[in-house]
Amino acid sequence: MLENIDLQLFLFLNSQNNPFWDEVMSAISGRLIWVPLYVAILVWMGIKYRRKFLLILPFIIIAATFADQSSVHLFKNVFHRLRPCHEPSLQGMVHLVDCHCGGLYGFVSSHATNSFNVAVLSLLFIKKKWFSVFILFWASLVGYSRIYLGVHYPGDDLGGALVGVLIGWGIYELYKKADVKITEQRNNLRRSQNEEQTNSEIRT
C-alpha cells in the first residue's frame with residue numbers, strides 16, 4: 001500500500017518537468033551551490049562562537065561523516081531498494097536528467113540525509129527563526145530535486161530526512177554534554193587555582 005503510494009507520488013512529481021527546471025534542479029542537487037552555503041554557515045558559526053568553535057567543529061565533522069556513511073552502509077546496502085531510474089518496470093516512464101542515475105540502490109537518499117543533518121545541526125547552533133525556515137526549506141528543496149531528477153522516490157527522501165534530523169539532533173546533544181563537562185572542569189581548575197593563590201597569600 002505505502003509502496004504503491006510512494007510510486008504514484010514519484011511518477012506525478014517526476015512528470016512535472018521542463019528544460020528550464022531541469023537545469024535548476026540539476027544545479028540544486030550539485031555541489032557548486034552546496035559548498036559556498038556550507039562554508040558561509042561555518043564562518044557564521046565561527047564568528048558567533050569564537051574560541052568555542054574549536055570544540056564545535058569536531059562534532060560537525062563527526063555528524064557529516066556519520067550522515068554520509070550511514071545512508072550507504074546502514075541503509076542502501078541493507079534494504080537494496082532499486083532507484084526508480086534502475087527499476088525495470090519503470091523503463092520509459094522516468095524523467096531522468098542528463099542520463100545520470102547514480103548507484104543501484106536509493107533508500108535512503110544520501111542527499112536528503114546530509115542536507116537535513118546540516119540543516120538541523122546548524123539551526124540548533126545559530127538559533128535564528130529566519131535561518132531555521134530558510135535552511136529547512138533548502139534541505140527540502142534538495143530532497144525534491146532528487147525526485148525531479150528521477151533518482152529517488154519520495155520515501156527515499158523522507159527516510160533520509162528522518163535519519164539526517166536524528167543525527168543532527170543527536171550530535172548536538174552530545175556537544176552540549178561535552179561543553180558542560182569541559183566548562184565544569186575549567187571552573188574547578190580556576191577554583192583550585194584561586195584557592196592555592198589565597199593560601200599562598202595567607203602564608204606570606
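Predicted model: local features only at pLDDT ≥ 70, side-chain atom pairs only at ≥ 80, totals over all residues.

**Walking through the model**

Modeller: Leaving aside neighbours within four places in sequence, Ser-71 is in contact with Lys-76, Val-108, Ser-110 and Thr-113, where contact means heavy atoms within 4.5 Å.

Biologist: Okay, back to Ser-71. Which helix is that in?
Modeller: Ser-71 sits in helix α4. Helices here are DSSP runs of H or I with at least four residues, strands are E runs of at least two, and both are numbered from the N terminus.

Biologist: Is Ser-71 buried or exposed?
Modeller: Buried, with a relative accessible area of 0%. Buried means under 20% relative accessible area, exposed means over 50%, and partly exposed is in between (1.4 Å probe, protein chains only).

Biologist: And what does the side chain of Ser-71 make a polar contact with?
Modeller: With the side chain of Ser-110, at 2.7 Å. The Ser-71 side chain also reaches the backbone oxygen of Asp-68 at 2.8 Å. A polar contact is a pair of N or O atoms within 3.5 Å; within protein, one must be able to donate a hydrogen and the other to accept it, and residues adjacent in sequence count only if both atoms are side-chain atoms.

Biologist: Val-108 was on your contact list too. Where does Val-108 lie?
Modeller: In the loop between α4 (53-79) and α5 (110-126). The peptide bond leading from Phe-107 to Val-108 is cis, with omega near 5°.

Biologist: What does Phe-79 touch?
Modeller: Not counting residues up to four places away in sequence, Phe-79 touches Leu-74 and Phe-107. Phe-79 belongs to helix α4 and is partly exposed, at 48% relative accessibility.

Biologist: How far apart are the C-alpha atoms of Phe-79 and Phe-134?
Modeller: They're separated by 32 Å, and the two residues are 55 apart along the chain.

Biologist: New topic: which residue other than glycine has phi near 50°?
Modeller: That's Arg-50, and the value is positive. Arg-50 lies in the loop between α3 (31-49) and α4, and it is exposed, with a relative accessible area of 67%. His-80 has a positive phi as well, about 55°, although it is not a glycine. You'll find His-80 in the loop between α4 and α5, partly exposed at 43% relative accessibility.

Biologist: Let's zoom out. How many helices and strands does the protein chain have?
Modeller: Seven helices and zero strands. The radius of gyration is 23 Å, well over the 17 Å that the globule rule gives for 204 residues, so the chain is more spread out than a compact globule. That radius is taken over C-alpha atoms, and the rule is 2.2 Å times the number of residues to the power 0.38.

Biologist: What box do the C-alpha atoms fill?
Modeller: Roughly 90 × 35 × 25 Å, taken along the principal axes.

Biologist: And how much of the chain is buried?
Modeller: Buried residues make up 40% of the 204.

Note on methods
Residues numbered from 1 in each chain as written. Heavy atoms only, no water.
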